[in-house]
Amino acid sequence: MIKSCYIHIPFCKNICSYCDFCKMYYNKDFIDKYLLSLEKEINLYYKNDLLNTLYIGGGTPSCLDEISLKKLFKIISIFKLNKTYEFTFECNIEDINEKLLIFLKENKVNRISIGLQSFNKKYIEFMNRKYLNKKEITDKINLVKKYFNNINIDLIYGINNETLKELQEEVDSFINLDVNHISLYSLILEDNTILKTKKYKEIDDDLNRKMYDYIRKTLKKNNYIHYEISNFSKKGYMSKHNLCYWNNDNYYGFGLGSSGFIDNIRYTNTRSLNSYINGNYRYINEKIDNKRIEKLFGNLDYGTGMDCDLEMKYKYFKY
């Protein structure tokens, strides 16, 4: 039985310098064609499973205009959700407004994941993202809290030349937002990114580890449970969708460049928009041996430190 589903929206108003996900610049003509093909893919493969989790990510789903959002949510109304479902929608912080939040709330979304990344103007500009000052960010988060109590924010650390003092200020600012979930990512140099073309140098591994340990310990002191290598939550707010991936459960992946895992087969969709629009969805099928994974990494006790070979497991799953 398949209990989770990921849907990829690849469009962005700007391209982050570090991003290697399947993405492209916003184009209304392409969006209409993409949504039509997404609907066909879902109708082809979805087998009326009752889902525990639904996740719309990107790209930047929140960059879609009102008409496109309505089309998207009409398409996904086909999915059956159980009574305790988790439905996450990704937003860039600058896209958040009351009208969008009301629309999401009315369409069964109950969890918001916000691409915040940093408060530091220097690093936001380095990442090619839109800068908002601390008051603007706080006001946006407080607006989200009017409609949703299950909120994640993303933090990127380990940027070259970032000091420990700057990191401490970042972590304090994130904690002060008082949301119940924080996702943590070290800046990694990936192929096919702006940083790669600029020959960016990653920080020293020892410094990276020192920063990671500082964040982990500080979040723990502030009542965040470290339940998966990059995810921290307050009690009762572990992401069901994240745990689906972590536990190697079956899940659908729909959309350009998305991946799914069904009956030990991991499939990956094409990253070519033309191929996708023409109905050529699947690109790679790969058999994964769960027993081999369990033998390598063992069963993890969530919330008890997570200090074993988590980095190895993260790299193993990060295809």
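**View 1. Cysteines without a disulfide.** The structure contains zero disulfides, a disulfide being a pair of cysteine sulfur atoms within 2.5 Å. A disulfide is a covalent bond between the sulfur atoms of two cysteines. This is a predicted model: local features need pLDDT of at least 70, side-chain atom pairs count only at pLDDT 80 or more, and totals for chains, interfaces and linings use all residues. Residues are numbered from 1 along each chain as its sequence is written, and side-chain values use heavy atoms, leaving out hydrogens and water. Cys-16 is buried, at 12% relative accessible area. Cys-22 is buried too, at 6%. Buried means under 20% relative accessible area, exposed means over 50%, and partly exposed lies in between (1.4 Å probe, protein chains only).

**View 2. The cis peptide bond at Gly-58 and Gly-59.** A cis peptide bond joins these two glycines, with omega about 20 degrees. Gly-59 sits in the loop between β4 (50-58) and α2 (66-76). Helices (H or I, at least four residues) and strands (E, at least two) are DSSP runs, numbered from the N terminus.

**View 3. Asn-192, a non-glycine residue with positive phi.** The phi of Asn-192 is near 60 degrees. Its loop runs between β8 (181-186) and α7 (194-197). Asn-192 is exposed, with a relative accessible area of 70%.

**View 4. Asn-264, not a glycine, with positive phi.** Phi is about 65 degrees at Asn-264. The residue lies in the loop between β12 (259-262) and β13 (265-269). Asn-264 is partly exposed, and its relative accessible area is 26%.
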